[in-house]
Amino acid sequence: MYRGSLSDVIRQIIQEIRMRKGSSTGKTKKQKKVFTMKNIITLLLTLIIILAIAYYVSLPAITTMSTQMWYSLIAIFVVLMGYSCFYDYTRKGLIGIRSKIMVVATAGLLVFFLAGALLSSPIVSASKYAGLMDIKDEKFVKDIPETDDIKDIALMDTESAAVIGQRAVGSLSDVVSQYEVSPDYTQLDLNGKPMKVSPLEYAGFFKWFNNKKDGIPGYVMVDPLENEAKYVKLKQPMKYSMSAYFGKYLPRHLRFRYPTAVFEGYYFEIDEDGNPYYICPVLKANAGLFGARDVKGVVICNPCTGDTNYYKVADIPQWVDHAFDGELMIQKYRWKGTLSGGFINSIIGNKGCKQPTDDYGYKVMDGDVWMYTGVTSVNGDQSNIAFVLMNGRTGESKYYPVVGCDENSAMSAAEGQVQHLNYTASFPALININNQPTYIMVLKDKSQLVKMYAMVNVEKYNVVATGTSQKEVLAEYRKMMSEEGIVDEKEVQTETDLTKQITVLDVNYITNDGDSYIYLRDQDNVLYKEKISADETVMFIKKGDRIEITYEENENKINTLISWK
């Protein structure tokens, strides 16, 4: 309350205002002291430490081709811009020149990134995407040799390989207690023979911590032809892997050696002598900043020593099978098939547009692993107009105009033959039987174990044969093609087919997996069998008959009966 004369009251009010103003000025000075040079340096050091930790964890490639690097760079600029603006406003009450520079720099970076993203997209760079794959038109019957004996075709998929592979280490107590088999099996051509391999990996952080000095002792090799697996113990254990931590984590080890490389994946392989390696494809952008990526080379890493070497595509060693990943090759053909006529045509007109089916398989040929997939129209019908073969080492691609059912339809047809058993079909392989494009696949039970085999004619997929062995299904398939008039009876006979006269000493009928078979025993005590549904006339054969048979010998001494008269 103010007291005294009017002049005294005015004097008291002015004095109070000055006191309040001084108090306010003191607070401002205190606020200014918060932003000292020491605090600024501390903040910058903290930011640097955070960025270093983020880089160590996320491992972005330091290159304009890495979208992860762009996102990190933009985030840094936004943080610095926000800090600069906050600093200027709290200190001066307005945005200073340095803050304006940061705002302009951040906006410029965003504009540059968005412009680069536009140039990287198929919208303006469709021709660059479509031009990544150079496809040669070839003839199926010329490039794919006829198959008379299909025992050398790998039909096992990854799920089945994992089941068999786990058995190989299940009895090794010192291994199974500390390690587990990686679910990522790699399809290889090992000295001309198909093989699947997968490394052991640490079963968690604490298992790695306890065994990091000893490393990973070996890997599992699965033979898809014999349905067998074995554990291979290494003389020198693997120290660098996908399941290790810190500096032994394979992507981190490679990132510090190749800070600008854009890696596409890390594929475990072995060379002809069984030595382990990781094949790590390196990508380059062909459109804008990071669009239309393709493999420019690979880094091969020895996981035992950590030694690495970079190879251009033309210099990749012959034993390498996965320089080009299947998913990348499928994507490249999708770009080729849909964008060759331009981006607008891929959206509206679809003139001449083609696309691969939704999956792919492997085929071992000429020392290399090839990926193959069917080609269909963009309308999404259930038929193929062609097949594409793509080399996993060189990236070479071949186009075969073959009209017929797609892989999913063939799988459904095969499953329909054994629907009472509830078997599921694996993705089929493509082979040539008497110049007829043919799907062959395995039929598995709920435990992912191979129970039967199936063959489906690509052009006439009502011709479906099944059997408990590859030889049996081949014999039945050839007989069905002859009966359907697809090929002449003489054409389906092969060099492995034998003919002789026998006297039937015994006839038996046995049911196996829901199918009925006839078993014949001749005068030499040799057994022959055939599925009754494949040729019901065998029901007329009786004990004591003298007949002429065509058959194929099997390793189990029970020969496959092909025909009789």
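Me: At what angle do the axes of helix 4 and helix 5 cross?
Reply: Happy to start there, with the reminder that this is a predicted model. Helix 4 covers residues 97-120 and helix 5 covers residues 122-130. Their axes come within 6 Å, and they cross at roughly 45°.

Me: Is helix 4 parallel or oblique to helix 5?
Reply: Angles under 35 degrees count as roughly parallel, and 65 to 115 as roughly perpendicular. The crossing here is roughly 45°. That makes the relation of helix 4 to helix 5 oblique.

Me: How many charged residues are there in the contact of helix 4 with helix 5?
Reply: Helix 4 brings L118, L119 and S120, and these meet P122, V124, S125 and Y129 of helix 5. Sorted by type, the contact holds five nonpolar residues and two polar ones. The number of charged residues is none.

Me: Which residues of helix 10 make the contact with helix 2?
Reply: The axes of helix 2 (residues 37-58) and helix 10 (residues 250-257) come within 9 Å and cross at roughly 120°. These two helices are therefore oblique to each other. Helix 2 contributes Y55, Y56 and V57, while helix 10 contributes R252, R255 and F256.

Me: And how do the residues of that contact of helix 2 with helix 10 divide?
Reply: No polar residue takes part. The contact divides into four nonpolar and two charged residues.

Me: Which strands stand at the edges of the open sheet?
Reply: Six strands form this sheet with mixed pairing, in the order 24-28-29-27-26-25.

Me: What is the bridge partner of Y517 in strand 27?
Reply: Strand 26 (residues 515-521) and strand 27 (residues 527-531) run antiparallel, and five bridges join them. Within strand 27, the partner of Y517 is K531.

Me: To which strand does helix 14 run at about 5°?
Reply: Helix 14 spans residues 470-483 and lies across several strands, among them strand 24, strand 26 and strand 27.

Me: Finally, what share of the protein chain counts as buried?
Reply: The chain has 14 helices and 29 strands. Of its 565 residues, the buried share is 48%.

Terms used
Residues numbered from 1 in each chain as written. Predicted model: local features only at pLDDT ≥ 70, side-chain atom pairs only at ≥ 80, totals over all residues. Heavy atoms only, no water. Pairing = 2+ DSSP bridges. Helix = DSSP H or I, 4+ residues; strand = E, 2+ residues; numbered from the N terminus. Contact = heavy atoms within 4.5 Å. Axes fitted to C-alpha atoms, helices over the stretch in contact; angles between N-to-C directions. Parallel < 35°, antiparallel > 145°, perpendicular 65-115°, else oblique. Nonpolar A, V, L, I, M, F, W, Y, C, P; charged D, E, K, R; others polar. Buried < 20%, exposed > 50% of the residue type's maximum accessible area, 1.4 Å probe, protein only.
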